[in-house]
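These are my notebook entries on one structure.

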Amino acid sequence: MTSIDTEGVRVTALAAGRVSRLPGWFVILWRNRKCRIGLVMLAAFVAVAVLAPVVAPYGPRVDEFAASTGPSGAHWLGTTARGEDVFSQLVYGARTSLVVGLVAGLLTTVIAVAVGLTAGYLQGVVDEVLSFFINLGLVIPVLPLMIVLAGYAPVKGLGLIIIVITVTGWAFGARIKRAQIITLRTRDYITAAKFAGDSTARIIAFEIVPNMISLIVVGFMGSALGAIGAEAGLAFLGLGDPQTTSWGTMLNQASLGGALTTGQWAWLVAPGLVLALLITSFTLINFGIDALSNPHLRED
Amino acid sequence: MALLEVRDLSVTYSPRDSAAVRAVDRVSFDVHEGEFVGLLGESGCGKSTLGTAVLRLLDRPAAITGGSIRFDGRNVTTTPEDELRSLRWVDLSTVFQSSMNSLNPVITVRHQFADTFEAHPDAFGNKQGKGLDIGARAGELLELVALDRSVLRRYPHELSGGMKQRVALALALALEPRLVLLDEPTTGLDVVVQRDILDRLRELQARLGFAVLFISHDLGTVMELADRVMVMYAGEIVEDQPAAEMVTRHLHPYSAGLLGSYADPRDEVVKVEFIPGRPPDLSQPQQGCRFEPRCPVAVDTCRTVHPELLPAHLGEVRCLLVEQATDPRAVLDKAAALRSRDQVFAAGAEARIAAEPVLVMDGVRKVYKTRRGLSPTVTTAVDGVSFALRPGQVTALVGQSGSGKTTIARLLTGVERPTSGTIRFKDTAVDQLGRRALRKYRRHVQLVFQDPFSALNPTRTVAYALSRPLRNHLGMNAAQARTRAAELLETVGLSPAEQYLDKLPHQLSGGQRQRVVIARALAPEPELLVADEPISMLDVSIRAEIVALLDKLVRDRGIAMLYITHDLLSARLLADEVMVLNHGVMVERGPTLEVIGQAKDPYTRTLLAAIPRPGARQLT
Amino acid sequence: MLYFVRRAGFFVATLWAAVTLNFLIPRIQPGDPAQALLARLQGNTQAVNPVQLEAVRKMLGTQDGNLLAQYWDYLGAICTGQFGVSYSYYPYTVTEMIGTALPWTLILVGVTQLVSFAVGTLLGAWAAYRRNSRVDSVITLGSTFVGTLPFFWIALLLIFVFAITLNWFPEGGGYGGGSSPGWSWLFFSDAFQHSVLPAVALLITGPIGWIIGMRNNMVQTLGEDYARLARARGLPRRRIALTYGARIAILPNVTGFAIALGGLLGGTVLVETIFNYPGLGRLLLEAVSNKDYPLMQALFLFTTIGVLIANFLADVTYGFLDPRVRRAEAV
């Protein structure tokens, strides 16, 4: 596996940040065309999610319309079998996906960084034990574990989904961060910091973490992406919170509510398409970060 | 007609997100049949790019942007890859810079030979038909480079660095090529191993008669091995002379500067000099002579007129002054006279007065136990080593890699504890320090690192790096630390300090970084300095500069220094006393000139024999 | 040799950890797990029958015993293969249920995964071989695009288009009403017809990861010194691509294959549910919705062990493929 040149990225970012007032990492990402498109798309999703009550013509749960109608002027994407407006659900669904992505992504990243840093920096027995758990986390089949955990849970809710996703998703990031810190900790500047009298906590926070920023960002993006997909999958399987409107639940209801047989293609196509677009925006942003971190992948 | 004719060759790097750099600029040279040509230059001068271009191995974003390469009269500058293939290795073979990675890790050595023979069914040995016994031929080749035939069955990871490099050399000779291009073939290997491989190379070259283009930054080696030496600077060849002439009658001021940075450590008085300044930025358009900003004899026209490579003496030189002078040597004599005194660093034979030691190591032994599999292995890294370090004096610790040098540094700085024996710093028992006491002790003992690129955190400014020891060890506040940091920068010659305080490491050159590293080590006002190969990663032309700085600081401030190195020249320049370590045992110890001048121990002699002697071959 | 011993050690340790995890999951909730589960079963519309009661008791061990005793009983039951009775499919035992569903999943997933791996690796290698060419951008951009599509959505669209609109393939199930499982030609052709759409759904997204992984690895290996030296030696381009590029670049994919199996079972649950395919994945989901805890537990344990075995096999293969393995760090 390639070791990622996170120090290099950090340096480029610092250099770029000097020229303009924006943060350096942003300048770098913005320069990459693919990444720029991704950022604009993501911004659009965030805007829609935040402004959902303004954008959506109706509430997501308002079921006072004629059931199972096709697209029309009043209902751009038709109505559900229960008589709800599909387009409004779609708009509110963006909230769920983004919240799950953000929260589960953050939690996963925090755990991955904490475990990875501890294992990599301390080494010895602590590392052996943590590495075992990391490897265990990697080999245990994720979705079955999610399903079983969700199956045992007494209440179904978004919080549960987030917890399940976090519990099952931290291992991959932790492994990468551990590998990275193992290369960073042997740098001479770490030894120099020790001889300068700095404490271990300070060394980790001021000498190591700044050099891992890009790796942590990439890890967060990956986790958020995984979380969004997992939430949609679980909701589609009917294991999500029935009270929350999400694209996964919409697909689940479309499939149960006979969208396949009644020919309501809009109800079926739309949630999948927006999900695909959201994933695309993340992928495009990741392209920018990847190309920077790994010189081999740069297109030249 | 020469075997290899390069004419006006230019190579340009055009990366997507930064300015294009013309790394090789209209370079012309010849290599004749059976000739051993050295290409000498410092890092970034374009010598490796030139080599890669000659091999036609440039990858994007680099490309040949002008000129031609002719091999045996045939123009190969733009020959398509498919046609080129049958010529490769048969005419021109190569050994890469780091052979650590130049063998395929998943196939055996034999397989790599077989690949080569199969790719060239018409080449050597296959001529008589299908009779080639690959095993036998590969075995012969391995024996040529002093390797056992059993190596054929091994995978690359089972070989040491030196062995891999020998395999690479044997592979290069497999098809009896007419020209072998060697790009820093022994960099990174241990000195003694380096010496061994290069001797073998010279011998094979004489016996088999192939021509060699030897690319290196190691001046001594190039001068000693090559028939003819070309010096490269900022993408151009600046001088081309027979090796013997280059040693004694070089004409270009840059060649003079490079040669001035080398001396024989066995001489009574050893004198080295350095070239101030840095090479130009090739992404900017160049006007005038590229060496002008660093040249001690430059005149006004040098700034505006770009000199051509013109015949002079027995070769060619690119210098306006040489062009215009009636006696070209006079230019250099003038240069030598003009060179300011602080550009020269000399070490005589005088002994210094001994002071009370600050650190005493007595009968120290360090044993490592590693448990691999079921049986534990015991390695004795350091065995019964005793010495003392005195204020204002430098003690050099010399030895091969793996001789225990680093272990001694770790013991000295309290990173590890000795298995037996004692280490005392004044009244402190270093071998028994607790965590907190160790932190206190480190105020008095500081480190100077080998690699200036790894010793500074790329995300932290110079001011931050310098302020940490000041605030932690001397209890200064932020403002005091900044003022002191500026003073420290001035001390190490980074002036005006305000210009450097807020810079990040990547904005500094290697030499400037090393100065910052030294300033940081000085910050807590230590009494003991451990310098681990502090100049080995720096360019030759600035090494003497750092040696001079270290020398001045140690003498002025009365610091005791342990100077770890495998380079006897710098040891000779800096150290009052030399200790030679071999397999953890101190085999020789004494005043520098005595140890280097009249080595008794066989290992010290091997080290001395490994030092290149420019011009020595021509004299005998 | 040490490598194989270490991999075997890791296998045993993870196996034990998975078994223990399986024991702990139902006991994480506060209070008496059996009571909690029974309470939730009672909350369901149907009344708790004695079979369910017995099954839950058996699964959780003797109630009065302490945790350690329960753990001991549990280990004993697992070692002797007693997973209890499924109460949603009474009177079948859990083992019987798994046995019926296993071949379906094994064949569908096994075939599609091997094909995905082969196709993905080949396409990735091709893209790397023709780096920066049109082929490369088509493969790279194409797989990136397909990779962003939600897998279960593709499956739904496949049904919508090919089963419902065009009526080329059956909508779901493992076999039609006219045939029953057995060694008959009718059954096999019927089962094949039913498996086409699920297989296609799996095959559309399956190769993506392998394509991108292989391409990136191989672009890197082809940039290494050994590949450049091979070029300088005049080796044919194809030879370099195979022996000095692909041969080395495939190694991380081999380990990746086993790790991917874990994630893949997730895809199986989705695809089997959507296509109503009688495999392990659908069984797991049904067990969850019917609160058939013994079946659920056994299925989770079973799939985990399957993945662990696959992992171990991949590690062993890797050991044979990579001579450097004794130096390699444990993954």
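Entry 1. Before counting, I noted that a salt bridge is a side-chain nitrogen of Lys or Arg within 4 Å of a carboxyl oxygen of Asp or Glu. I also noted that this is a predicted model. By that rule I found one salt bridge across the interface of chain A and chain B. Its partners are the side chains of Arg468(B) and Asp198(A), at 3.0 Å from N to O.

Entry 2. I then asked which elements of chain A give two or more residues to the side that touches chain B. They are helix H1 (6-19), helix H10 (188-195) and helix H11 (200-208). I sorted the residues of this side of chain A into nine nonpolar, three polar and 11 charged.

Entry 3. I looked up the extent of the contact. Chain A contributes 23 residues and chain B contributes 28 residues. The buried area between the two chains is about 2400 Å², with 54% of it from carbon and sulfur atoms. I recorded 13 residue pairs in polar contact across this interface, both residues being at pLDDT 80 or more.

Entry 4. I examined Phe425(B) and Tyr441(B), which pair edge-to-face at 5.4 Å centre to centre, with 70 degrees between the planes. Phe425(B) belongs to strand S18 and Tyr441(B) to helix H14 of chain B, so the pair ties together parts that are 16 residues apart in sequence. Phe425(B) is buried, at 3% relative accessible area. Tyr441(B) counts as buried at 3% relative accessibility.

Entry 5. Lastly, I noted an aromatic cluster formed by Phe132(A), Phe133(A) and Phe10(C).

Notes
Residues are numbered from 1 along each chain as its sequence is written. Chains are lettered from A and ligands numbered from 1 in the order in which they are written. Side-chain values use heavy atoms; hydrogens and water are left out. Contact means heavy atoms within 4.5 Å. Buried area is the accessible area (1.4 Å probe) that two parts lose on being put together, summed over both. A polar contact is a pair of N or O atoms within 3.5 Å; within protein, one must be able to donate a hydrogen and the other to accept it, and residues adjacent in sequence count only if both atoms are side-chain atoms. Helices (H or I, at least four residues) and strands (E, at least two) are DSSP runs, numbered from the N terminus. Ala, Val, Leu, Ile, Met, Phe, Trp, Tyr, Cys and Pro count as nonpolar, Asp, Glu, Lys and Arg as charged, and the others, Gly among them, as polar. Rings of Phe, Tyr and Trp (its six-membered ring) pair if their centres lie within 6.5 Å; planes under 30 degrees apart count as stacked, over 60 as edge-to-face and the rest as tilted. Buried means under 20% relative accessible area, exposed over 50%, partly exposed in between (1.4 Å probe, protein chains only).
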